[in-house]
Amino acid sequence: SGDGDHVGVGGARAWDALARFDKDVAAYKPKYVTILLGMNDGSYTPYKQEIFDTYRQDMTTLLDRIKEIGATPIPMTPTMFDARAARMRDAKRDTEATTLYNSVLTYFGTWLREVSVEKGYGFVDMWGPLNTITLNERERDPKFTLIADAVHPDAPGQVVMATALVNDIGLPHQVSRIVITREESTVNGGTLSDFNCAIEGDQAQLEFYWQADSLPWVLPEEAALGARLTHLGHRLSREALEVHVLPTGTYALSIDGQEVGQYGTAALERGIELEENAKTPQYAQALEVATLNKQRNDGPIGALRGEWSKFQQYARLRQAAEAQPDNADLKMQLAKSEEAIQGMDDRVAKANADARAIEDQIFTKNQPPARKY
């Protein structure tokens with residue numbers, strides 16, 4: 001958590017995480033560390049005991065080091081290897097490796113779950129939801145995939161991963177619930193004030209102010225499919241309103257003077273959900289937050305990952321050169337890699353500062369104001 005929430009690097013194995021642990025994890029003094037590794041550790045081949053043994057040893061060391069710095073590890077299973085997507089992308093791939101690799105990742109993840117249960121760590125199943133949704137969708141579209149390149153989930157697949165994290169670590173699943181009855185109002189997730197209801201015959205007007213504790217979960221357009229497939233709004237971001245005091249009729253609902261929909265009495269009594277209503281001011285506010293976060297990830301966080309990717313290459317070359325001290329080609333590659341990481345500390349510091357500047361905007365923008373309903 002904190003500044004260290006963006007240290008994932010493409011192509012990494014557990015060994016790589018250990019190589020940069022001090023500067024890229026421990027230095028941020030995190031309370032929790034999520035670990036998503038394994039896809040590359042399996043080497044994209046059918047199961048081999050010596051490969052698993054290396055992964056097991058390095059992951060065990062990594063988990064121990066996280067505990068040593070006073071943080072709680074939250075291991076996550078490797079994600080899905082989409083064999084069908086791999087075959088559609090490259091028919092010449094090794095058939096046996098393509099067919100068997102997803103089961104290799106299952107084995108890695110199952111071992112990791114057992115370790116997590118035994119040690120009392122948090123744990124997130126990334127593999128299961130990605131596979132389940134993919135198989136369900138392929139009943140309608142055999143070419144469906146969340147992982148077009150077979151390895152890296154696209155934006156909708158990343159939403160599936162995010163919802164897995166929310167579900168498995170037990171974060172709240174509701175933004176708010178407002179229930180207005182003749183006796184009293186019941187609310188969760190905020191504070192209702194200045195309530196007024198005027199009824200004359202079959203005409204009525206109801207108004208109140210609602211100070212929500214949080215915003216709905218809104219995502220950029222490229223992730224919309226993932227939100228639909230996971231039923232993200234209803235399951236994890238519900239913003240419910242029930243009204244039981246109005247005469248029979250159809251009513252316009254406005255928030256801060258902006259009409260967001262018209263609803264019959266029966267619908268209002270059953271309860272309406274607003275979390276996916278793009279007309280609400282809170283949806284627009286949440287989308288601004290999501291847009292800022294996208295800028296943060298595409299900009300300074302992308303730069304950070306680029307720097308650590310170069311360091312990852314350097315660390316691997318250094319290890320190889322130490323094992324083969326007479327290899328001139330390796331020495332030359334290592335020299336070039338050392339040159340590429342010159343000044344890295346300063347670039348990392350700048351990227352962190354740029355990321356914090358956007359985070360400051362996010363934590364200003366994400367405060368819900370009291371809104372008039």
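**Helix pair and strands**

Mentor: In this predicted model, helix 11, which spans residues 281-323, and helix 13, which spans residues 344-365, have axes that come within 9 Å and cross at roughly 170 degrees. Angles over 145 degrees count as roughly antiparallel, and therefore helix 11 is described as roughly antiparallel to helix 13. The residues that make up the contact of helix 11 with helix 13 comprise 14 nonpolar, five polar and eight charged ones.

Turning to the strands, an open sheet contains four of them in the order 4-3-7-10, and their pairing is mixed. Its edges are formed by strand 4 (185-188) and strand 10 (272-273), each of which pairs on one side only. Strand 10 is joined in the antiparallel sense to strand 7, residues 238-243, over two bridges. Leu 241 has Ile 272 of strand 10 as its bridge partner.

A further pairing involves strand 5, residues 190-200, and strand 6, residues 203-212, which run in the antiparallel sense and share nine bridges. Strand 5 and strand 6 form a hairpin, with two residues lying between them. Glu 200 has Gln 203 in strand 6 as its bridge partner. In the turn of this hairpin, Gly 201 adopts a positive phi of about 65 degrees.

Note on methods. Residues are numbered from 1 along each chain as its sequence is written. This is a predicted model: local features need pLDDT of at least 70, side-chain atom pairs count only at pLDDT 80 or more; totals for chains, interfaces and linings use all residues. Side-chain values use heavy atoms; hydrogens and water are left out. Two strands pair if DSSP finds at least two bridges between them. Helices (H or I, at least four residues) and strands (E, at least two) are DSSP runs, numbered from the N terminus. Axes are lines fitted to C-alpha atoms, for helices over the stretch in contact, and angles run from 0 to 180 degrees between N-to-C directions. Angles under 35 degrees count as roughly parallel, over 145 as roughly antiparallel, 65 to 115 as roughly perpendicular and the rest as oblique. Ala, Val, Leu, Ile, Met, Phe, Trp, Tyr, Cys and Pro count as nonpolar, Asp, Glu, Lys and Arg as charged, and the others, Gly among them, as polar.
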